[in-house]
Amino acid sequence: MTSLLQLVQAVGLGLVLLLPLTNPLTTVALLLGLAGDMPKVRRHQQSRQAAVYTFAIMTVAFYGGQWVMNTFGISIPGLRIAGGLIVAFIGFRMLFPGRSDAFPSGSPPSDANIAFVPLAMPSTAGPGTLAMIISSASSFYDNPFGFASWVMLIAPVATFFCIAVILWLCLLSAGTIMKLVGKSGIDAITRLMGFLLVCMGIQFIINGMLEIIATHAVAAVT
């Protein structure tokens, strides 16, 4: 019983750390903006795939993210800047749909695959989320809370699974929201979300550059 309580505590701690970063409601707004003409069955399929991709991305980032970044020489600031560029690009495309070369009509075709990009990455498993997971993975197995060994093995996967389920349930509610706000409301949400994504992308880039400056400043002092 005590071990089960430890598992609940570990998963709860993970959700508290990651849910504000993943912010499933932001992904719902993104889905509303991109899936205006998408059939219900296709939209539900994309929602399910986005949840699966999110779980896979987070799991890979936790167990192999540091190794991958070290292998290819990628730093956390580099991850933030790259993610910021992607987010800003998507935001500009949503803010000015008439100028998009990828989707000239202003929205993706009904058979477009938007599950991986941008729903799973970078909307849900964005640079901030991945940076948090990768940085936490290195200190997680130091076991500062004294959890049982089997809890340490299961807790990360259970946490990522819970986030994926929460995302899936939130995305399923997008259809109801679409019916309530109508086409004009979807267009307004699309442009508003595009503006917010541009702001988020620029902020990611700024944060990454500030980290680089701070790192070089510390290196110069030492």
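Me: Helices are DSSP runs of H or I with at least four residues, strands are runs of E with at least two, and both are numbered from the N terminus. In which helix does Phe-161 lie?

Reply: Phe-161 lies in helix H7, which covers residues 149-172. Before we go on, this is a predicted model, where local features need pLDDT of at least 70 and side-chain atom pairs count only at pLDDT 80 or more, while totals for chains, interfaces and linings use all residues. Residues are numbered from 1 along each chain as its sequence is written, and side-chain values use heavy atoms, with hydrogens and water left out.

Me: Is Phe-161 buried or exposed?

Reply: The scale is relative accessible area: buried is under 20%, exposed is over 50%, and partly exposed is in between (1.4 Å probe, protein chains only). Phe-161 has 51%, so it is exposed.

Me: Which residues make the nonpolar surface patch?

Reply: A patch takes residues with over 30% relative accessible area and no salt bridge, joining like charges within 9 Å and nonpolar side chains (Val, Leu, Ile, Met, Phe, Trp, Tyr) within 5 Å. A salt bridge is a side-chain nitrogen of Lys or Arg within 4 Å of a carboxyl oxygen of Asp or Glu. Areas come from the Shrake-Rupley method with a 1.4 Å probe, and for residues only the protein chains shown count as cover. Here Leu-4, Trp-150, Leu-153 and Ile-154 make a nonpolar patch of about 380 Å². H7 gives the most to this patch, with three residues.

Me: What is the volume of the largest pocket?

Reply: Rolling a probe the size of a water molecule over the atoms shows where empty space is left. On a 1 Å grid over the protein atoms alone, a cavity is a set of points where a 1.4 Å probe fits but cannot get out; a pocket is an open set with protein on both sides within 12 Å along at least five of seven lines, and lining residues have an atom within 4 Å of a point. Points are joined across faces, edges and corners, and the volume is the space filled by probe spheres set on them. For the largest pocket, the volume is about 380 Å³. It has 20 lining residues, and Leu-13, Gly-14, Leu-17, Ser-136 and Phe-140 are the closest to its centre.

Me: Which helices each supply at least two residues of that lining?

Reply: H1, H6 (127-140) and H7 do. By type, the lining has 15 nonpolar residues, five polar and no charged; nonpolar means Ala, Val, Leu, Ile, Met, Phe, Trp, Tyr, Cys and Pro, charged means Asp, Glu, Lys and Arg, and the others, Gly among them, are polar. Gly-14 sits in H1 (residues 2-22) and, with 14% relative accessible area, is buried. In H6 you will find Ser-135, partly exposed at 40%. Ser-135 and Gly-65 are 70 residues apart in sequence and 9.2 Å apart in space, C-alpha to C-alpha.

Me: What about the backbone: which peptide bond from Met-121 is cis?

Reply: The bond from Met-121 to Pro-122 is cis, with omega near 15°. Val-117 and Pro-118 are likewise joined by a cis bond, with omega about 10°. Asn-23 is in the loop between H1 and H2 (24-34) and is partly exposed, at 33%.
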